[in-house]
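Biologist: I would like to learn how to read the features of a model with two chains. Could we go through one case at a time?

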Amino acid sequence: MAEKKAEQKMTFEKALARLEEIVAEMEGGQLSLEKMMACFEEGTELVKFCSGQLNEVERKIEILVKKGEETATAPFEAKPETK
Amino acid sequence: MSTPTSQEHRRVYQVAEINKIARVTLENELGEIWIEGELSEVKKWPSGHVYFSLKDKEAVLRSVFFKGEQRGLNFELRDGNKVQALGQLTIYEPKGQYQFVVRRMEPAGRGSLQEAFEELKKKLAAAGLFDAARKKPLPMLPRRIGIVTSPSGAAIRDILNILTRRFPNLYVLIAPVKVQGEGAAAEIAAAMDLLNARGGLDVLIVGRGGGSLEDLWAFNEEVVARALARSGLPVISAVGHETDFTISDFVADLRAPTPSAAAELVVREKADFEKALQQLATRLTRGLRQRALEWKNRLLKAERSEVFREPRNLARQYRQRIEALRTGLGREVRHLLQRRQQRLDEMGLRFRQYALVWRDARRQDLRRLTASLQALSPDAVLERGFSITRRADGRILRDAADVASGEKISTRLHRGVVESKVVKGGEHGGEKS
């Protein structure tokens, strides 16, 4: 439960910062085997999370258009250079 | 009639002569002056000189602005613009027409706009809208970006170019607005509110390209400032050029000098992120591998030493964890750690064996260490009948030569302390205490 909550709040910057921390800790060479394994597992998850975040969104450029009272979105094409 | 009529008393001027006198008189009398009026009949000649009239409700004044004087001009001369012009009233002698020769020109609205700007700035500063504490940090990785600007300006094109070059898979939502003229400020404010209300965005860019002070004015209006202040999303303001500062710039969470710069400030290169992540992933596995090698050596050593017990449960635990780890890796490796997979698998198997040995050796080490610690503790020694004797200055007595007859000493036993006086001291060859 607690883990799920933490995951929801996880952001890219938090994940990256934690990953850097873990790697530095592992490279510090002071960890027990158990801790080392836990770090590796967590680090692997974080790499996966960050990589997912980088690719999660698809490229799309839209513009808001008014349809009566409602606002909708339509694909946007920048007008070619005129000057 | 008092007017002299006789020919010999008349002072008769030639036309050219009187035009010249009039010109010199006019010029000397007035010198350089400022005149305020509205531009009309503005005509730019191919030579670059601009001819126009200055007018107000009652009168018109022919004027000229020569090309050579126009260097400092930073706005467009258009009919209807109110201006203040510095120059000299003079007469074009060949035609006897008098005109105003302009040397410098400023928009007449400037003074009052500047005042309005300062006034609003002071008011909003007092209301705390510029406080650093209320600036929201920009997300490191914004992937959904809202832009409030004109859909037809150069600004949107510049922003989109840079955004998509840096990070190809972004979602961009443009809220099209008028960025100058009547109603622009209200549109900009409403668009910001709308984008906030729609949700799903990470950050907003609000701005426009360069223009005159009047053109940028919407971004100096309180409605825009207030909308910026209540935006839940972080907002970057990007108005005009580097030298243009607007109220929006002070209220926004970050000011970008230009729209292009805003795009650069918001989104970092995706390739940089990927590289950094790749490096971290490599270090992660390398760290583990190196430690594994170290352990291997230490554990081999430990294996050779003394008694092991049967840590069956422990073995099962480790096996499970390694299996879990290998499953996790199997998935991950396909994306990031392809080359490391085999090595890690082998390592996983080895870990299973090492783990048993290591845990046991560690336990044994600890037991031995505890025993040694106990043996070394002064309490244990005192218990066996030894004692510690100190001189009055607290130094522990190790040599009979260090103590003289009559000196006071204290001796700590397993239980309690004995204070004594030395009967005979200072000689070698005696027993040590």
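Modeller: What follows goes from one chain to the contact between chains, and then to the sheets. Keep in mind that this is a predicted model.

Biologist: How many helices and strands does chain A have, and what pattern do they follow along the sequence?

Modeller: Chain A has three helices and two strands. Along the sequence the pattern is α-α-α-β-β. Of its 83 residues, 20% are buried. If we take contacts in chain A between residues at least 6 apart in sequence, 34% join residues at least 24 apart.

Biologist: How do I read the packing of helix H2 and helix H3 in chain A, and at what angle do they pack?

Modeller: Start with the angle and the axes. H2(A), residues 12-28, and H3(A), residues 33-55, pack at about 150°, and their axes are 9 Å apart. An angle over 145 degrees counts as roughly antiparallel, and H2(A) and H3(A) are therefore roughly antiparallel to each other. Their crossing is left-handed.

Biologist: Which residues meet there?

Modeller: On the side of H2(A) they include A:Phe12, A:Leu16, A:Leu19, A:Ile22 and A:Met26. On the side of H3(A) they include A:Met36, A:Cys39, A:Leu46, A:Val47 and A:Phe49. By class, this contact has 13 nonpolar, two polar and three charged residues.

Biologist: Now the two chains. How many residues of chain A are in contact with chain B, and which element gives the largest share?

Modeller: In chain A, 36 residues are in contact with 40 residues of chain B. The elements of chain A that give two or more residues to this side are H2, H3, strand S1 (60-67) and strand S2 (70-75). The largest share, 14 residues, comes from H3(A). By class, the side of chain A that touches chain B has 17 nonpolar, eight polar and eleven charged residues.

Biologist: How should I read a sheet?

Modeller: The general idea is that strands of a sheet pair through backbone hydrogen bonds, either parallel or antiparallel. In this structure, an open sheet of seven strands has the order S2(A)-S1(A)-S7(B)-S6(B)-S8(B)-S9(B)-S10(B), with mixed pairing. S2 of chain A and strand S10 (254-256) of chain B stand at the edges, each with a single partner strand, so one side of each is left without a neighbour in the sheet. The twist averages 25° from one strand to the next.

Biologist: How many bridges join S1(A) to S7(B), and are these strands parallel or antiparallel?

Modeller: Four bridges join S1(A) to S7(B), residues 171-176, and the two strands run parallel. A:Ile63 has B:Ile174 as its bridge partner in S7(B). Elsewhere in chain B, S8 (residues 203-208) and S9 (residues 235-239) pair in the parallel sense over five bridges. There, B:Leu204 has B:Val235 in S9(B) as its bridge partner.

Biologist: What about S1(A) and S2(A): in which sense do they pair, and over how many bridges?

Modeller: S1(A) and S2(A) pair in the antiparallel sense over six bridges. A:Leu64 stands opposite A:Thr73 in S2(A). Their hairpin has two residues between the strands, and A:Gly68 takes a positive phi near 65° in it. S2(A) is hardly covered, as the count of buried residues among its six residues is zero.

Biologist: Which strands does helix H4 of chain B lie across?

Modeller: H4(B), residues 184-198, lies across S2 of chain A together with S6, S7 and S8 of chain B, and runs at about 165° to S6(B). In the loop between S7 and H4 of chain B is B:Gly183.

Biologist: What is the strand order in the open sheet of three strands in chain B?

Modeller: The order is S11-S12-S13, with antiparallel pairing. S11 (388-391) and S13 (417-421) of chain B stand at the edges, each with a single partner strand, so one side of each is left without a neighbour in the sheet. S12(B), residues 408-412, and S13(B) pair over five bridges, and B:Thr411 stands opposite B:Val418 in S13(B).

Definitions and conventions:
Residues are numbered from 1 along each chain as its sequence is written. Chains are lettered from A and ligands numbered from 1 in the order in which they are written. This is a predicted model: local features need pLDDT of at least 70, side-chain atom pairs count only at pLDDT 80 or more; totals for chains, interfaces and linings use all residues. Axes are lines fitted to C-alpha atoms, for helices over the stretch in contact, and angles run from 0 to 180 degrees between N-to-C directions. Angles under 35 degrees count as roughly parallel, over 145 as roughly antiparallel, 65 to 115 as roughly perpendicular and the rest as oblique. A crossing is left-handed if the near helix is turned anticlockwise from the far one by less than a right angle, and right-handed if clockwise. Two residues are in contact if their C-beta atoms, placed from the backbone, lie within 7 Å. Ala, Val, Leu, Ile, Met, Phe, Trp, Tyr, Cys and Pro count as nonpolar, Asp, Glu, Lys and Arg as charged, and the others, Gly among them, as polar. A residue is buried if 20 or more other C-beta atoms lie within 10 Å of its own, exposed if 12 or fewer, and partly exposed in between; C-beta atoms are placed from the backbone. Two strands pair if DSSP finds at least two bridges between them.
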